Amino acid sequence: MADLFVSYSRKNIAFARQLFSGLENTGLDIWIDWEDIPPGTEWLENIYQAIEEADNFVFVICKASIQSETCSKELEHARQNNKRLIPLVIDDVEADTIPDYLQALNWIFFRPQDDFEASMNLLLDAINLDQVHAKAHTNYQMRALSWERSDKEAGSFLRGTDLQEAEAWLAAAYEKDPPPTYLQQEYLTASRSFQVQRQRRTFAIMGGAFLAMLLLSIFAFIQRGIAREQSVAQATAERIAVEESHLQATAEAAALSDMYARATSQSESQTQRDIAYSQQLAMQAEGLDPGQMDLHLLLAAEAVDFSNTTAARNSLLNALTQQPNLHCFLGTEADSHVQSIKFSTGGDMLAVGNEQGTIKVFDPTTCGILAELQTGNDSAIEQFFFSRDDTILAAVDFQDKLYLWDLGTFEPKLEALDTGDLWKNLLAISPDGSSLVVQLRDGSINIVDSLTGDVQLVLEESSVLYPVAAYSPDGRELAVLDGGAIIVYWDLETGFPLDSSFTIQEAEEAKKPYRHELNQSYAITYNEAGTQLAFVSGRGTYLLDREKGTWYKTGDAYDVGFNSSGEAVAFGDYIFQIMEWDLRSGDSIGGPIYSNVVTGDLQGFTWNPKKGFYLQVNEWGESGSRYVLYSFNHPYSISSTIQHDREVYTSVFAQLNNRPTLITGGCAEGTRFNCYQGEILFWDPYTLERIGEPIPAHDNRITDLAIHPSDTLLVSTGPDNQILFWELPAGNKLDAPIRIEGSNRIDNILFNSNGSLFAVVTSEENRSSCLSVWDTENWESVLDCASLQADEPSSNIIDISFHPEYGCLISLQSDDTLVQWDLTIPGSATPELLTQLEGTHTTLDFSPLGDLIGIGSNGGITLVEFPSGDVLAYPQGDALHEELTRSVIYDLDGSLLAAHMGGNDVQLFDGRTGTEIGPPLPGRSDVAEWDPIHTLTFSPDSTTLASTNDEGEIILWDVNVDIWISTACLMANRSLSEIEWRRYLTDLPYDPVCSSIP
């Protein structure tokens, strides 16, 4: 196996050789293909094998490799095997041509202008990072692939200590890079299942051998009795020996039983201790105030890590969803106040300057610190600016010293430049960082050389009141907003103002805005093309279109900018609600963000419209500051959204091509009221991208889908009263083995747990619905359109669910009864009343063990025990909801029950008790009562819950507590300190669950 595989375009073979030369003396095993061989089947298989056997996948990013079909295939195969991706950039490429998952990684730059040795050191650090985990990942992936390619033969399974080590690795691997693959999880689960079955067979064989020995002993005893020629003494000796053997065996069995009892007692004691700690931590987490949200996240994560109790899951989900826009806690300046904060132009860096003369530069996406820039002068940072190309950071401290840093290397570009007491304000930096706009103490504005401080141009000799300034993107023009009312455009080539300056007329002035001084200037910026200018003053927020000579005005704001789509947006803070507005329409387009997770006086905030980030700094304690990062885009949310442009009505998960795949049905053409073409779509739940082309199906929307447990057959239906069958994974239409005659409406379609039975509920106007069941082996009828009372519409079947093991089915009737149908004898199923429910009920699902039935009602969840029919729980207390529960579904192990609570909410419940877990999850990004979500479905491994709605939104929720824990760690952006650990877990050794984050 190789340490790394290098993927590159043949057009860059010179760089590849240089890279190989730099790595070959490091002792690393490098796989690189020097031969320009046309991509054939055998060649490509060799490439794929080499990728599978490599611990790291190095991808050389350049224009040629991004366009290369071979490189794309290599990259996709590496992703499928969850290889650790290390991108190297050798030339400048357009960001929108690079896949999103590569953009999210840390790039290592090997461009001609970059230091090759420094970049090589960064590459070696990335390769050597957690090598033990990377090599184990490769080893287990190779074992899993071998098992898969041998048609999952038992001879490939892990056993004994090898399996125990692999399971321990898997438990720790979810928070590491690369994460485990789905195939690895399936392989280890199958290995454990085989091990259990093998042990059971061994015990069975041992029991059989013991029985055989017992029979032989009896036979021998009879023979000894018959053989009278044997001496009595010999018989007595043999009997004594047998008795001693029995006594010894009894003693050994007693010792083993005692040892097992002690181990069981210790295990039970440990389990009870963990449950106690879990509940204690969950209670303590819930008791914290909003200003301690990071501690709430950490304590709740620890609670779930100790024991996955309902209280722990509830506390953790509360913490993750109380502040949906919370991205992370960036840090605390315990003994220093933050003096200045600013995002870079592109939004990829965030600078925080304190009163000790230190500037911390963060990556806002990962919340990691990129550099700490030291001025060497114990003076507070007063102002700083990023150049437009984000290559230079200029800062001025309270001792009037200027500092410049190169943001490629984070090294100073010059020694501190003492400006004396001449400068009053630093107003702007040129796009290339070569010039600065400063306001002198006398109020005049000069342009100076950023390295020397020499005056290059005097723009205004008279005093300018409260100015802000901005360079045009090409650096040829400077806009200065003076006193909140006048913008003067300066031609920097001639040094004279242009005639197109803008003045706010008295007649256009609005009422004095809240919090703003009328003559104050706050912010000004150009769009990328330099054709528009947006600014905030005490007189309002404005957008000027200089090409058209038009302008727009909106209300009070704190900042303006242009987002990634080039739209002008404004930003404001109103009582802890952070909003974004479109300057042309005045409509809200982002937020509100409720930013009340910190306490203390607000010290400042900054915002980046291109990335959707917002930073808030508050007073922390008596002598410090704390800064919290929010996001309009929810990068650390436990949900993600696929936005389709058409209605999505129903969905199911399937395991296709060894990957979980979401299959949806809805409307392709028409409206939600008049659809005349349905379609089936396939989605990758990880990349959120569509797989393949839509499949047209039905003459109306698709209203229901059913998937065979083998994942080889899909069934669809719609208002056209047809049942269509589809071969998977190809999606080819099959001849339907069954037909529904007449004008009956199809209400439900469903396979049982092993796929041997297929049920359909139909109904006809003004008549009771009926149930039909087929044997899927030969598609013979098991039950032919049976109903309870053919002439009583009130007995309609509302929903059905198969028992996961027994040959029976439960139907929920419109008179709120549960009816059991025995399907073990074809053609003679007799419905029997299981129980009569109180209230109104709408939907049901069997638990995976088959001992409980979860039922949606007018208020939440009802739980019924099977087969007794006893009602264990009705909705009560906090569980009461105003609307009918429209769908319920159990996860794989029955610990979680998800319900669509009418309207737009999804609520999680404990599957055994019906207790609510966390607050309702919004099943829509915007709330509309008349446009609710339709279906819920769990992924095959129950780690993802999907919901669909009429607006084409497919919302995917991470419901795996391991994901919740890792998300909580990312949001808290730290681990429990040793002091905090001792406070909450005094008698346990320090071992925090977020230990990977300092």
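This is a predicted model: local features need pLDDT of at least 70, side-chain atom pairs count only at pLDDT 80 or more; totals for chains, interfaces and linings use all residues.

Residues are numbered from 1 along each chain as its sequence is written, and side-chain values use heavy atoms, with hydrogens and water left out.

The structure has 4 disulfides, a disulfide being a pair of cysteine sulfur atoms within 2.5 Å. Counted along the chain, the bonded cysteines pair as 1-2, 3-4, 5-6, 7-8.

One of these links is between C328 and C367, with an S to S distance of 1.9 Å. The angle about its S-S bond is -100°, and the link is left-handed. C328 lies in strand 6 (residues 326-333) and C367 in the loop between strand 9 (358-363) and strand 10 (368-374), so the pair ties together parts that are 39 residues apart in sequence. Strands here are DSSP runs (E, at least two residues) and helices are runs of H or I (at least four), numbered from the N terminus. C328 is buried at a relative accessible area of 0%, and C367 is buried at 3%. Buried means under 20% relative accessible area, exposed over 50%, and partly exposed in between (1.4 Å probe, protein chains only).

C969 and C994 form another disulfide, with sulfur atoms 1.8 Å apart. The torsion about their S-S bond is about -75°, so this disulfide is left-handed. C969 is in helix 13 (residues 961-972) and C994 in the segment after helix 14 (978-984). Both C969 and C994 are buried.

C62 is in no disulfide, and the nearest cysteine sulfur, that of C71, is 7.3 Å away. C62 counts as buried, at 1% relative accessibility.
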